[in-house]
Amino acid sequence: MTADHRLGFRDAEACPPTELSVEGELPEWLSGVLLRNGPGKFSAGDRTVNHWFDGFALLRRFAIRDGGVEFASRFLRSDAYERARATGDLRYAEFGTRPDDGLLGRARRLLSGELTDNASITVTHRDGEFVAVTEPPRAWAFDPGSLRTLDPRRFDDGVDATGSTAHRHYDPRRGETWGLATRQGRNSGYVLHRRADGSDRREPVAAIDVDRPAYIHSFALTDRYAVVTEPPFVTSPRRLVTADTFLDAHEWEPEQGTRFFLCDRESGEIVGPYRAEPFFVFHHANAFEDRGEGDLVVDLIAFDDAGAVTKFSIPNLRSASPDLPAGELRRYRLPVAPLEADVVPSGDATDVPSAGSATPIRATASETPVEPTPTTLHEGPMAFPTIDYAEHNGREYRYVYGAGNQRHPPEEFLNRLVKVDVETGRTRTWSEPDVHPGEPLFVPAPAERRDGEDDGVLLSVALDAAAERSALLVLDAADLSERARAPLDRPLPFGFHGQFYRDGGRPIQSMA
Ligand SMILES: [Fe+2]
């Protein structure tokens with residue numbers, strides 16, 4: 001067996017609750033639970049899934065309390081997982097893996113729209129429930145203590161047929177959650193929707209009609225706008241029927257460029273699109289209105305093309321020298337009309353319109369003549385950008401954290417953590433030989449003693465390939481020095497996203 005990144009793409013077993021040893025010292029104020037999601041099993045019977053996004057969800061939990069850490073993991077008992085376990089077949093339409101269903105099965109699947117419920121992308125908190133989510137509409141509630149799978153969850157509001165971004169924004173100031181649905185077929189395009197806390201319906205705010213919808217993984221939210229970035233990785237009804245997989249149904253059409261649409265959160269009016277040179281994006285770091293310049297600033301991780309998606313095939317990732325995508329942290333400035341009044345409501349969420357009442361405004365937007373030009377904030381390679389979400393999402397900010405690579409182009413899977421000061425361009429990094437860290441989540445120091453935007457810690461789960469085990473890393477977010485680590489007795493498959501929920505008070509998400 002090779003001691004390298006490939007340990008992070010092997011099938012795992014669930015792990016019962018286990019107390020970990022802690023090296024170094026955890027901050028005494030750090031108390032809560034880190035819940036993470038990501039693929040943990042890549043096989044069904046004698047088949048292996050073809051794409052990283054299609055591995056079966058393994059929920060992971062690090063409970064941090066009184067200077068100690070307890071770890072547990074458990075597979076999400078989705079229908080797709082149970083079916084694969086019982087029959088050895090892959091029966092649901094996954095992202096990049098052809099189901100075992102033959103022609104008749106395919107016809108049935110297309111008619112019924114039966115999409116996977118393997119909710120492996122991230123976890124979210126919704127009105128007292130913890131939910132594992134993915135892009136197709138079916139999600140699963142789970143118990144955050146035992147990680148036991150509870151019941152399926154699906155909105156019955158007609159807003160999306162084929163799904164919404166797994167990355168959803170929560171605005172604590174207005175008490176609402178925003179998502180972006182992609183519609184295929186008739187009325188194809190994007191629908192921005194919002195849901196008021198406590199409501200079981202999502203309200204469509206604006207529809208953007210496009211003939212050939214793109215694969216869109218996330219968007220950005222400011223006080224005034226929802227920001228949709230549309231890379232030219234597009235599909236069509238015909239290709240959705242004829243292609244083997246959802247991924248295969250998409251084509252890179254660089255001549256279309258990458259477009260930005262801004263949706264006014266109050267009126268639903270669409271501004272733009274602004275057309276830039278083509279790039280692909282999974283994750284936005286942040287966006288905000290620069291009132292001094294009259295610009296809408298969008299910071300994101302940009303890739304040259306859709307290789308960012310296709311290179312995550314399992315055969316490539318399981319090779320000794322995988323061909324890996326390299327993203328850079330980039331800033332776009334979009335000129336917008338100045339604000340006439342402060343649109344930020346003060347304090348509570350009592351002014352939120354009741355969900356389900358509004359008719360979406362259909363975009364009649366015309367393209368702006370402005371071609372936004374980018375500024376590189378950090379050449380990277382960089383992935384999984386995070387910020388101090390609770391305080392700074394949608395607002396001016398200074399620091400982006402992420403996982404990245406020491407060399408460009410990458411010679412290994414993610415092998416360092418990076419912090420970028422977007423004002424000065426200065427970076428700090430953390431790395432250790434043979435260690436492959438994942439997404440770092442920022443946890444702020446308690447408000448009463450906090451000193452600055454980067455006063456807090458970063459939590460990252462890292463694979464120590466030489467030691468053949470993973471560990472929870474706790475770094476000081478100010479200088480990226482290591483404060484503590486809690487090693488497991490085993491390697492964990494690389495995960496995607498998660499949230500840290502502090503003990504006491506209302507759960508607040510760490511990222512979109
Ligand atoms: Fe993501």
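Which residue follows H1, and is its phi positive or negative? Helix H1 is followed by Gly88, and the phi of Gly88 is positive, near 75 degrees. Keep in mind as you look around that this is a predicted model. Let us begin with the helix itself and then move on to strands, the core and a few single residues.

Helix H1 covers residues 79–87, and Ala80, Tyr81 and Ala84 are buried in it. Seen down the axis of H1, these buried residues fall within an arc of 100 degrees, so they line one face of the helix. What do the buried residues of H1 pack against? Their partners are strand S5 (43–44), strand S7 (56–65) and strand S8 (68–75). Turn to the other side of H1 and you will find Ala86 and Thr87, which are exposed.

Next, have a look at a hairpin. Strand S9 (residues 122–126) pairs with strand S10 (residues 129–133) in the antiparallel sense, over five bridges. One of the residues you can pick out is His125, whose bridge partner in S10 is Phe130. Between S9 and S10 there are two residues, and in this turn Asp127 has a positive phi of about 45 degrees.

Strands also come together as a sheet. Four strands make an open sheet in the order S17-S18-S21-S22, and their pairing is antiparallel. At its edges lie strand S17 (220–221) and strand S22 (270–276), each of which pairs on one side only. Strand S21, made of residues 258–264, is joined to S22 by five bridges in the antiparallel sense. To see the two strands side by side, find Thr258, which stands opposite Ala276 in S22.

Now for the inside of the structure. In soluble globular proteins, nonpolar side chains tend to be buried together. Here the largest nonpolar core has 143 residues, and Ala132, Val227, Val228, Leu262, Cys263 and Val298 are those with the most contacts inside it. Strand S24 (residues 295–303) gives the most to this core, namely seven residues. What does Val298 touch, once its neighbours within four places in sequence are left aside? Val298 is in contact with Ala220, Val227, Thr229, Phe260, His284, Ala287, Tyr332 and Leu334.

Two single residues show the contrast between inside and outside. Val191, in strand S15 (residues 189–196), is buried because 21 other C-beta atoms lie within 10 Å, and the cut-off for that label is 20 or more. Its C-alpha atom is separated by 23 Å from that of Val309, 118 residues away along the chain. Ser21 sits in the loop between strand S1 (15–20) and strand S2 (23–24). Ser21 counts as exposed because it has 11 C-beta neighbours inside 10 Å, where the limit is 12 or fewer. Even so, Ser21 has contacts beyond its neighbours within four places in sequence, with Ala486 and Pro487. Ser21 and Glu70 are 49 residues apart in sequence, and their C-alpha atoms are 9.0 Å apart in space.

Finally, how confident is the prediction? The chain averages a pLDDT of 92, and 93% of the residues score at least 70. Over residues 341–358, however, the pLDDT is below 50. That stretch has 28 contacts in the model beyond near neighbours in sequence.

Note on methods:
Residues numbered from 1 in each chain as written. Predicted model: local features only at pLDDT ≥ 70, side-chain atom pairs only at ≥ 80, totals over all residues. Core = buried A, V, L, I, M, F, W, Y, C linked by C-beta atoms within 7 Å. Contact = placed C-beta atoms within 7 Å. Pairing = 2+ DSSP bridges. Arc of directions from axis to C-beta. pLDDT = per-residue confidence, 0-100.
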